[in-house]
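Here is a short briefing to read beside the structure. It covers annotated sites, a cavity and helix packing.

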Amino acid sequence: MPHRRTYRMIALAVSAAVLIGSMRFGFADAWASQFALPASAPALEESAAPQPKAQPQARPAAESEVAPPAPQPVALSNRLTEYHISVRLEDDGTLNGTQTLTWKNPGRKSVSDLYLHLYPNAFSPGSTFLSESGGQLRGVQMKPGGDGAIALTELTSEEGETLLPRVHYVQPDDGNAKDRTLATLRLPEAVRPGQTVTLKMKFTVKLPQVFARMGKAGDFVMAGQWFPKVAVYETAGTRGRTTEGWNLHQYHGNSEFYSDFGIYNVKIDVPDRDIVAATGFQTKTAVPKDGRKVYQFYADDVHDFGWAASPNFTTVEDSFSSIGVPGVRIKLYLDPLHKDMADRYMHAAKSALAKLGQWYGDYPYTTLSVVVPPGDAEGAGGMEYPTLVTAAAAKDDRPGYDLERTVVHEIAHQYWYGIVASNEFEEAWLDEGFTSYTEDKLMASIYGVMPNTSIEASYLTRPEALKLDSWKYGSSNLYAENVYMRGKLVLKAVEAKVGEQTMNKILRAYFQKYRFRHPGTADFQKVVESVTKDKWSDFFQAYVYRGEMADFAVESIETRSDDGGGLQSLVVLRRNGGSPQPVTVLFHFADGTAVRKTWDNVQNHVQLQLKHTSPLQYVSVDPMFDVVLDNYRFNNYLKTEVPEKERIRLNVGLSQLIETVLGNLAW
């Protein structure tokens with residue numbers, strides 16, 4: 001008994017110390033609410049839309065609910081940033097916010113200047129984003145008069161010294177003086193290695209009409225990239241850096257984002273009719289008062305915070321656990337047009353999480369929210385934020401598999417964008433290419449929908465390097481073709497060389513080693529080489545760094561009689577692009593004989609000699625379409641009976657052929 005009393009007193013003292021210490025960071029309310037509210041909170045009323053008893057229950061649009069999991073007891077990331085934000089959504093769609101930002105210097109040098117991303121200024125006239133994108137993204141056009149902006153109205157040090165006069169805008173990528181998406185200020189004192197600096201600020205955001213991931217459409221609000229966000233200070237060795245320093249880029253027409261991991265404590269004040277979905281978990285019940293409600297969310301080990309609000313959401317939620325998913329509360333925020341499709345959304349979310357946890361590793365968070373935007377908010381659809389994704393906008397009351405495809409794609413982002421967290425400014429393929437590859441695997445495994453990689457490869461008319469700054473691709477279409485599609489096909493090509501089982505080991509090893517660490521392309525190559533015990537320099541140089549595609553050609557066939565009364569054929573094969581890899585060559589003779597040989601193409605061309613009693617009819621390289629990255633298959637096949645002067649070699653791409661035909665018609 002004396003020992004037990006002693007242990008109890010020690011436990012009480014430790015608990016009190018934790019609670020008192022948490023007050024300094026503003027987390028006391030979050031902790032108190034976690035222990036005050038039981039995990040099995042009373043269920044709220046069902047929505048008017050009937051739900052089967054065995055299915056998760058829908059909630060009425062006027063209600064809110066608390067998800068009670070406690071903060072992570074052990075830090076999973078380096079937690080270099082800490083945000084305490086209070087934001088109020090005004091009736092006109094304006095956001096008025098206050099923010100306390102603490103940043104920790106991870107480097108070995110003192111840092112005198114701090115940089116802030118002010119992403120909403122991308123929607124202001126003259127911005128680099130609007131200049132490069134032409135005011136459209138993913139087929140959605142920015143509406144006239146629908147511009148947006150963010151303004152810092154106050155900025156002080158922790159001691160109260162005003163710093164706003166020190167702020168000025170920088171444009172390291174293009175020198176566009178009208179672009180205000182990146183700002184800097186000289187700090188009152190340099191931040192020594194391992195030390196922190198805290199800034200307090202007030203800001204106002206004019207939300208655009210929903211476009212490019214954020215904005216307002218009627219009663220619906222999507223707040224993505226909405227607050228002043230500190231840039232990433234990379235240490236030496238990060239993604240191959242030789243010296244430490246800030247990673248600084250503007251908001252471009254093609255680029256997405258890059259941020260450090262940290263802690264977010266966010267209060268969102270909205271009209272009392274609104275339901276709010278957000279990153280992290282809700283720490284307090286939002287109680288209506290004077291026509292308003294305040295939602296409070298907490299998230300740790302995340303690198304961004306997004307939220308959405310609407311009075312029209314129908315909410316459906318359920319708990320889920322499986323291998324690699326210790327326990328998560330999945331919550332759907334459905335547009336009324338899709339309120340009867342909760343089963344499809346929930347099945348896609350659960351199935352995707354289960355597969356990702358099984359294949360790659362643990363999903364480390366306790367919540368996952370899926371927001372379905374209304375039809376007039378298409379620009380908010382299909383986007384990822386930590387623990388929150390947006391599905392495709394609800395424009396059709398009978399959607400096909402695009403519904404599931406978008407959901408599983410965005411949930412796959414939780415692993416590559418959310419947890420591994422690559423630099424999307426400079427190496428977007430490490431997120432989008434990996435996510436597109438994973439999307440195909442999920443759709444095949446869950447729904448039996450198989451990709452057609454040969455057709456997809458044929459779409460690639462202008463392959464470019466994958467390790468390339470996002471805004472340096474020739475157009476948004478070329479960015480998408482390369483970063484999404486060609487990036488995915490490069491991973492499929494790795495799988496084709498090593499087999500599916502080894503590929504799964506590669507991706508799992510990559511995820512496990514670099515979760516929360518911002519890896520680069522070279523880091524992925526090292527994992528591939530480590531797992532396969534082989535060198536991959538030629539492959540990565542050709543397909544990742546030089547942007548090549550495979551191109552195997554039957555260059556010529558010459559047949560003549562030999563002295564023995566048979567026929568001798570000389571066949572010249574050539575590799576015009578890509579790295580060496582074994583490829584099957586089919587030789588077909590007039591008597592029906594088929595001979596298959598394997599060409600290692602270590603040399604970029606070879607002459608083969610075949611003797612046979614019957615004429616050689618044709619030669620085909622890769623007849624089974626095993627080479628994933630061959631996008632130019634017209635020259636893979638050649639017949640021999642057509643004289644050379646009459647042979648028409650289709651040595652132009654399909655797009656060039658169409659242009660030629662149309663040009664002749666025009667004349």
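Predicted model: local features only at pLDDT ≥ 70, side-chain atom pairs only at ≥ 80, totals over all residues.

The second largest cavity has a lining of 13 residues, and those nearest its centre are Phe257, Tyr258, His303, Tyr417 and Glu424.

**Cavities**

- Searching the whole structure turns up four cavities of 30 Å³ or more.
- The second largest cavity has a volume of about 90 Å³.
- A probe the size of a water molecule, rolled over the atoms, shows where empty space is left.

**Annotated sites**

- An unreviewed UniProt entry places a "binding site" feature at His409, His413 and Glu432.
- These three positions span 24 residues in sequence, yet no two of their C-alpha atoms are more than 9.4 Å apart, so they gather at one spot.
- The unreviewed UniProt entry also places an "active site" feature at Glu410 and Tyr484.
- That pair spans 75 residues in sequence, but their C-alpha atoms are not more than 13.1 Å apart, so they too gather at one spot.
- Which helix holds His409? His409 sits in helix H5.
- Glu410 is also found in helix H5.

**Helix H4 against helix H5**

- H4 covers residues 342-359 and H5 covers residues 402-420.
- Their axes come within 9 Å and cross at roughly 35°.
- The crossing of H4 and H5 is right-handed.
- H4 contributes Arg344, Tyr345, Ala348, Ala349, Ala352, Leu353, Leu356 and Gly357 to the contact.
- H5 contributes Leu403, Glu404, Val407, Val408, Ile411, Ala412 and Tyr415.
- By class, the H4 and H5 contact residues are twelve nonpolar, one polar and two charged.

**Helix H10 against helix H11**

- H10 runs over residues 521-532, and H11 over residues 537-545.
- The two axes come within 11 Å, with a crossing angle of roughly 145°.
- The crossing of H10 and H11 is right-handed.
- On the H10 side, the contact is made by Thr521, Ala522, Phe524, Gln525, Val528 and Glu529.
- On the H11 side, Ser537, Phe540, Val544 and Tyr545 take part.
- The contact of H10 with H11 has six nonpolar, three polar and one charged residues.

Terms used
Residues numbered from 1 in each chain as written. Heavy atoms only, no water. Axes fitted to C-alpha atoms, helices over the stretch in contact; angles between N-to-C directions. Helix = DSSP H or I, 4+ residues; strand = E, 2+ residues; numbered from the N terminus. Left-handed = near helix turned anticlockwise from the far one by under 90°. Contact = heavy atoms within 4.5 Å. Nonpolar A, V, L, I, M, F, W, Y, C, P; charged D, E, K, R; others polar. 1 Å grid on protein atoms, 1.4 Å probe; cavity = no way out; pocket = protein on both sides within 12 Å on 5 of 7 lines; lining within 4 Å. Points joined across faces, edges and corners; volume = space filled by probe spheres on them. UniProt positions renumbered as here; feature names shortened; annotations may be inferred.
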